[in-house]
Amino acid sequence: EAMTKTILSSARSMAFVPCSDHEKARAFYQETLGLAYVGFDGFAEVFELRDGVLLRVSAVPNFEPVAHTICGWEVEDLNAAVDDLAKAGIRFEQFGIPGQEANGICRFPNGDGVAWFKDTDGNVLSIAQIART
């Protein structure tokens, strides 16, 4: 069965992250994570990610973070990325997953690896190294 393609199949995606205080979030995403800051458009702090993908971080009334990953990045070398972010002050989460390493990395039988951390609002973010076969 052939899949239907729409205009979205070739459109550039955007990511959205809610926050309680956009200025505090801006400092975290720009200074701690080192993302390229585009500006504040009146609604969201806007960052440019790789290949022109935009990340919009906007204040939401009565914000409460959810308990699952809402945004993540694929990295080439998970160990190096964890070390780099730890030097920037990121603390990686421990979820009690069997085999999760002391540095927060969880490795899966298929070769994938992931580590989770939180932003200033408690949003769960992740970095992952995906095994390509």
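Student: Let's zoom in on E93: is E93 buried or exposed, going by its relative accessibility?

Tutor: E93 counts as buried, because its relative accessibility is 9%. (Buried means under 20% relative accessible area, exposed over 50%, and partly exposed in between, using a 1.4 Å probe and protein chains only.) Before going on, some ground rules. This is a predicted model, where local features need pLDDT of at least 70 and side-chain atom pairs count only at pLDDT 80 or more, while totals for chains, interfaces and linings use all residues. Numbering starts from 1 along each chain as its sequence is written, and side-chain values use heavy atoms, leaving out hydrogens and water.

Now, who does E93 pair with? Its side chain meets that of R91 in a salt bridge, 3.4 Å from N to O. (A salt bridge is a side-chain nitrogen of Lys or Arg within 4 Å of a carboxyl oxygen of Asp or Glu.) R91 is exposed, with a relative accessible area of 60%, whereas E93 is buried.

The whole structure holds five salt bridges. One of them joins D41 and R56, whose closest N and O atoms are 2.6 Å apart. That pair ties together distant parts of the chain, 15 residues apart: D41 sits in the loop between β2 (36-40) and β3, and R56 in strand β4. (Helices, H or I of at least four residues, and strands, E of at least two, are DSSP runs numbered from the N terminus.) Here R56 is buried, with a relative accessible area of 18%, while D41 is partly exposed at 36%. Contrast that with R50 and D51, which are both exposed and form a salt bridge with closest N and O atoms 3.8 Å apart. D51 lies in the loop between β3 (45-48) and β4 (54-59), and has a positive phi near 60° despite not being glycine.

D119 is buried yet has no salt bridge, and K24, the nearest side chain of opposite charge, is 8.8 Å away. (Lys and Arg count as positive, Asp and Glu as negative, and His and the chain ends are not counted.) D119 belongs to the loop between β7 (113-118) and β8 (124-129). What the side chain of D119 does have is a polar contact of 2.7 Å with the side chain of Y29 and another, at 2.9 Å, with that of N123. (A polar contact is a pair of N or O atoms within 3.5 Å; within protein, one must be able to donate a hydrogen and the other to accept it, and residues adjacent in sequence count only if both atoms are side-chain atoms.) Setting aside neighbours within four places in sequence, D119 is in contact with V17, F28, Y29 and L125. (Contact means heavy atoms within 4.5 Å.)

F28 and Y29 lead us to helix α1 (residues 22-32), where they and A25 are the buried residues. Looking down the axis of α1, those buried residues fall within an arc of 85°, so they line one face of the helix. (The arc is that of the directions from the helix axis to the C-beta atoms.) E23 and E31, on the other side of α1, are exposed. The cover over the buried residues of α1 includes β1 (14-19), β3, β4, β7 and β8. At the N-terminal end, D21 caps α1, with a side-chain oxygen 3.0 Å from the backbone nitrogen of E23. After α1 comes G34, whose phi is positive, near 75°.

Last stop, the cysteines. There are zero disulfides in the whole structure. (A disulfide is a pair of cysteine sulfur atoms within 2.5 Å.) The sulfur of C71 is too far for a bond, because the closest cysteine sulfur, in C19, is 13 Å away. C106 is in no disulfide either, its nearest cysteine sulfur being that of C71, 19 Å away. C71 is buried at 8% relative accessibility, and C106 is buried at 1%.
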